[in-house]
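What follows is a careful report for a reader who is new to this structure. It moves from single residues to the ligand and then to the protein as a whole.

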Amino acid sequence: MRAFDYATASTVDDALKLARPGSAFLAGGTTLVDLMKLDVLTPDRVIDVNSLPLKGIRLHAGGLRIGALERMSDVAAHPVVRAVHPMISKALLLSASGQLRNMASIGGNLMQRTRCDYFRDVTSACNKRRPGSGCPALTGVNRGHAILGTSDSCVATHASDVAVAFVALGAQVVLRGKDGGRTVALEDFYLLPGSTPDRENVLGPGELIAEVVVPVLPWARHSTYLKIRDRQSYEFALTSVAAAVDVKRGVVQDVRLAAGGVGTKPWRLRAVEEALKGGVAVERTFADAAESAVDGARPLAHNAFKTSLLKRSIVRALLDAAGVR
Ligand SMILES: Cc1cc2nc3c(=O)[nH]c(=O)nc-3n(C[C@H](O)[C@H](O)[C@H](O)COP(=O)(O)OP(=O)(O)OC[C@H]3O[C@@H](n4cnc5c(N)ncnc54)[C@H](O)[C@@H]3O)c2cc1C
Ligand code: SF4
């Protein structure tokens with residue numbers, strides 16, 4: 001690990017003043033410190049933000065507001081989250097391990113880096129870590145990589161589970177920077193890799209995530225988060241689906257769907273949502289609609305199985321969320 005300055009901030013303004021090019025904010029440290037030990041990240045200043053007043057889980061007129069420094073385990077267990085958006089709680093409980101969830105913050109989770117092995121190995125080329133050096137995953141081991149939103153420069157998946165639930169629900173992130181604050185839809189916060197995979201989101205230098213605001217949809221209590229992985233715990237998704245569905249008299253009135261493990265960012269499944277609306281809530285409808293989930297998919301040598309796995313995951317998640325057996 002490289003030497004770095006360590007600074008603590010107790011107000012957002014202090015944290016923003018301490019930030020400079022090459023610095024990094026430290027929340028739970030479960031990703032940052034890991035990647036610093038591997039020399040993948042080499043900040044020259046680490047700014048501990050754990051004392052900032054970015055906590056709290058509250059229902060407001062605008063929605064469910066979750067402070068960026070809330071711990072994953074506290075959000076998962078919170079009675080309001082469980083009552084209003086059980087999908088968020090489920091996505092968190094299927095993430096990482098109990099110990100990690102106790103340390104890890106929501107802001108840090110949204111900012112976590114890809115688990116692509118080439119990215120984490122500094123002896124390997126990687127356009128995301130070292131722009132212009134190449135992408136060995138394109139022709140190398142790519143079983144866990146993305147099939148949607150990929151480019152010739154990068155095919156890495158976004159690893160967060162709860163981001164998938166947030167994107168399905170149309171959540172926004174409130175950002176704070178030296179020039180004030182702004183609010184961005186989480187779906188637009190993340191960038192496609194294109195030819196600049198090193199640029200993963202719209203956060204400006206020194207800007208912070210302050211909170212996440214999730215719209216409240218009364219019917220979204222009928223929701224689920226399905227995660228398919230190689231082992232049943234402590235593992236990232238091969239595919240995941242966040243689904244909330246409003247069924248009245250057997251007909252789909254409204255639906256929210258997003259997928260993880262398949263996209264270079266959390267992937268909202270808008271075409272599937274549109275195909276479902278007005279349809280009879282039965283397995284056949286769900287299966288027909290799921291076909292459009294993989295429009296434009298670009299499978300690689302080892303991950304073509306994800307196209308059928310994604311479609312089947314969508315059907316299973318919808319059956320569960322709609323209570324159809
Ligand atoms: C073994 C293992 C398994 C895991 N499995 C899963 C899983 O199954 N699903 C899943 O979703 N995640 C998983 N994770 C990832 C884990 O959830 C993240 O490491 C964690 O959420 C990061 O939060 P943190 O507070 O520790 O962030 P930190 O490590 O402190 O920070 C991470 C990054 O975010 C930045 N940052 C932190 N807070 C802010 C903020 N408020 N604004 C702007 N930037 C900020 C930091 O500068 C850093 O770049 C796993 C991690 C490990 C180590
Ligand atoms: S997929 Fe992306 S992160 Fe992985 S090696 Fe290629 S450029 Fe790097």
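## Arg176 in strand 6

Arg176 has its place in strand 6, which covers residues 172-177; helices (H or I, at least four residues) and strands (E, at least two) are DSSP runs that are numbered from the N terminus. With a relative accessible area of 31%, Arg176 is partly exposed, where buried means under 20% relative accessible area, exposed over 50%, and partly exposed in between (1.4 Å probe, protein chains only).

When its neighbours within four places in sequence are left aside, Arg176 is in contact with Val12, Asp13, Leu16, Gly181, Gly206, Glu207, Leu208 and Ala210, contact meaning heavy atoms within 4.5 Å. Val81 stands 95 residues from Arg176 along the chain, and the C-alpha atoms of the two are separated by 24 Å.

## Basis of the model

This is a predicted model, in which local features need pLDDT of at least 70 and side-chain atom pairs count only at pLDDT 80 or more, while totals for chains, interfaces and linings use all residues. Residues are numbered from 1 along each chain as its sequence is written, chains are lettered from A and ligands numbered from 1 in the order in which they are written, and side-chain values use heavy atoms, with hydrogens and water left out.

## Ala321 in helix 12

Ala321 lies in helix 12, residues 305-322, and is buried, with a relative accessible area of 8%. Apart from neighbours within four places in sequence, the contacts of Ala321 are His222, Ser223, Thr224, Ala243 and Val245. One of these residues, Thr224, is 97 residues from Ala321 in sequence, yet the two are 5.5 Å apart in space, C-alpha to C-alpha.

## Loops around strand 10

The loop between strand 9 and strand 10 holds Ser233, which is partly exposed at a relative accessible area of 47%. Ser233 and Trp219 are 14 residues apart in sequence, and their C-alpha atoms are 29 Å apart in space. Tyr234 also lies in the loop between strand 9 (223-228) and strand 10 (239-248), and it counts as partly exposed because its relative accessibility is 48%. The phi of Tyr234 is near 60°, a positive value in a residue other than glycine.

Arg249 is found in the loop between strand 10 and strand 11 (251-260). Although Arg249 is not a glycine, it has a positive phi of about 50°, and with a relative accessible area of 80% this residue is exposed.

## The surroundings of ligand 2

Ligand 2 is surrounded by 14 residues, the closest being Cys116, Cys126, Cys135, Cys154 and Val155; a residue is near a molecule if one of its heavy atoms lies within 4 Å of it. The shell around ligand 2 divides into 10 nonpolar residues, three polar and one charged, with Ala, Val, Leu, Ile, Met, Phe, Trp, Tyr, Cys and Pro counted as nonpolar, Asp, Glu, Lys and Arg as charged, and the others, Gly among them, as polar.

## The protein as a whole

The secondary structure of the protein comes to 12 helices and 12 strands, and 55% of its 325 residues count as buried. Among contacts between residues at least 6 apart in sequence, 63% join residues at least 24 apart.

The C-alpha atoms fill a box of roughly 60 × 50 × 35 Å, taken along the principal axes. The radius of gyration of the protein is 19 Å, which agrees with the value near 20 Å that a compact globule of 325 residues would have; this radius is taken over C-alpha atoms, and the globule rule is 2.2 Å times the number of residues to the power 0.38.
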